[in-house]
Amino acid sequence: MQMQKHFSGSHMKNKMGWVFSVLLALALGFWIWSQRPGLPVERVFPPQPLVFARLAHVQEHINQAVNSDFGKNLAAIDLPDVLNRNGFSPKDIGDFKRWQKNLAGVWENPLVKRLLDKEAAAAIYRNGQSYQVFLAVRLTLSTRIAELLGQLSHQWGDGVSVNHQKYHGRVINHVFFKKQRLGLAYVRIRDLVVIAPEPLGHLEVVVDTYQHKQESLGQDPAFNFVRRNAYPSGDGLAFVNLNLFSDWWRFEVDSRLTPLGYQMAAFPVYGLSYMPGVVSKYKMILGLDEKYMPSSMREVFACPALINDTLKLVPVNAIWYNWGGCYNFEQSWAATKQRLQNDPPLAQGLDHLKQRLENHFHINIKKDVLPILGHEIGGYLTDIDMKDISHLSGQQGTFPVPRFLVFVKIQDRLAAERLLDKLTQEAPMSLQSEEYNHVNIHYFSLPLGANIDPGYGFLGDYLLVATSRQLLKISIDAYYNSLRSLVSDDAVGQFNLAGGEKFHSVTLMKTAELSRRAQDFLGWVDRYLSDRVSMAAAYKQDWDNKKRELDEAIADKSAELVLAQKKLTQLKSTSLSNAGTQDQEWVNGAIVNLSREEKSIRSDIVDYTQQKVELSRLLENNASGAQSNKLTMYNMENVVSPVLKGLESIDAQAVTVRIGDKILETEFQVK
């Protein structure tokens, strides 16, 4: 008996252990199944989309954008009021409000947030004269469990009908929203749910693609070109194939591009890749087809990338900087002359101006100027000064004057020095010179206050031209001391702009500083427009008084005309049969005088009336200009200013351009 109990207890323990092992194995198997790599969207979407876009961590990115300082400033803009002030119809504004409300409702839907938690993608295809649209979302573990338990199907409610279609072992669900009278279909394939609005999509194509019954997007050569050049671990990818757009659209675009010497087919494929981080990166990918480019454009794209040595010319306090290494001034000159042939009046005017300049300075631009210039050109901006111009204009006020410097690489320095000597000899004011740190600086002193003495100098192989000699000195200091140059700025290192990389073009913007300068400039524009509005109000008052005076003058002249016409009628109707010769002569003279007076009064009335019409036109233009200025001030305060304040949250941005074999890459980096 005791052995039986022992055996029974041991058997129970073994059974429980077996059950526990099975449950553990199932749990481990489910965990491994849930952790397997997700099915790539490119495996279920068909090839040759017009547009494709994919973004991972959608909810996270949207929340970051909404909660950022930039997003908060944009959200504070009262868009319905902006639309109303800018002349949009009440219907348009009402439609926009409904769109805002519906979008907010969709985003706040818990199911939508769960579906957009991981990854979402969309693609648009041409289907004859119509289009197909597919959306795909990657399910998280929680949404997969919910679907397995059949909970999602119970959330539709009575206002929605669901029909199930079996197709090659998959279930395509057709959902119809009765209230909205909208339909969509969706199918689950592994961890993806593919959705198509009906009738703009047939999910049978998606199932066939997954089951290898037709090619997939992952086998599309144009798409793979973009994907190969995108960030390997990027969160976002967009793709556009212009070759698949409608013939009508392509014809319309080409009609605008052909006068410029190329066709849309020269740039058939576009892509955009996004990788978040402390420094967020965006890469624009542009496919090139040289067959549809003019020879001049092919030469530009054949230009080799260069290591940028000009950062050492730029002071660390520069807030904007740009450099390009593929400028061909002789080629640009020839291309400009060719394009001007389509506008003979403009071509004639510019040619006349060119001849006057060449005759005045005794030079030939093609022979004396263009051969001197190299292929590199750039410049930088350090600040914008508000200069007092009252001593020049006789009126109180300031004017924005940027502090900037332009540099260009020189191929023949001696020839460049001789040319500049010749040009400055013909200047209306004397050129002054100063040596600074073994560099000769040449400048003009202008009666505009400090830092307004434009000049030039040579530093290494570069000609520097600046709005002030102080900027030239700062560039010289930066050139000889890297701690004072832009090379020492943290942003340059984070953007990898000075690490020996080769580029075709580089732009660096200290966005927060630029935004603050732009806001200062907006303040100046606002004060200027406010003064114009005040002047318009004063003019209106003066012109209203003048208009009343003209009305009174016209009324007086009209009364005089009536009186003159009455007298003239009386004289003409007077019987002179019994009058003497002298009386007849007097009457005839009076008639002549009255006729002359009547004509003069009519002329005065016509003149006063024309003045009144002209004055009314001036009043109308004045009122229209004042209203336009007020609208500009409103838009600056309520739209532009919030955007600029939001941009203060961005420390710096960089834009680099590289040209490779059949590809042009433009990378945007944001810190």
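Which residues in H17 are buried?

1. **Basis.** This is a predicted model: local features need pLDDT of at least 70, side-chain atom pairs count only at pLDDT 80 or more, and totals for chains, interfaces and linings use all residues. Residues are numbered from 1 along each chain as its sequence is written, and side-chain values use heavy atoms, with hydrogens and water left out.

2. **Helix H17.** The buried residues in H17 are Leu-471, Leu-472, Lys-473, Ser-475, Ile-476, Asp-477 and Ala-478. Buried means under 20% relative accessible area, exposed over 50%, and partly exposed in between (1.4 Å probe, protein chains only). H17 has twelve residues, 469–480, and should span 16 Å at 1.5 Å a residue; its end C-alpha atoms are 17 Å apart, which agrees. The expected span is 1.5 Å times one less than the number of residues.

3. **Overall make-up.** The chain holds 20 helices and 22 strands. Helices (H or I, at least four residues) and strands (E, at least two) are DSSP runs, numbered from the N terminus. Of the 671 residues, 36% count as buried.

4. **Largest nonpolar core.** A nonpolar core is a set of buried Ala, Val, Leu, Ile, Met, Phe, Trp, Tyr and Cys residues joined through side-chain atoms within 4.5 Å. The largest has 33 residues; Val-44, Phe-45, Phe-52, Phe-134, Val-194 and Leu-203 touch the most other members. Elements giving two or more residues to this core include strand E2 (119–127), strand E3 (130–138) and helix H8 (203–210).

5. **Second core.** A separate core of 30 residues includes Tyr-321, Ile-441, Ala-491 and Val-506.

6. **Salt bridges.** The count is 22. Each is a side-chain nitrogen of Lys or Arg within 4 Å of a carboxyl oxygen of Asp or Glu. Arg-138 and Glu-119 form one at 2.6 Å, N to O. Arg-138 sits in strand E3 and Glu-119 in strand E2, 19 residues apart. Arg-138 is buried at 8% relative accessible area, and Glu-119 is buried at 12%.

7. **A bridge from H17.** Arg-469 pairs with Asp-453, the closest N and O atoms being 2.8 Å apart. Arg-469 lies in helix H17 and Asp-453 in the loop between strands E16 (439–443) and E17 (455–459), so the pair ties together parts 16 residues apart in sequence. Arg-469 is partly exposed at 25%, whereas Asp-453 is buried at 12%.

8. **A network.** Glu-648 and Arg-516 meet in a salt bridge of 3.4 Å, N to O. They are 132 residues apart. Salt bridges that share partners join Asp-383, Glu-513, Arg-516, Arg-517 and Glu-648 into one network.
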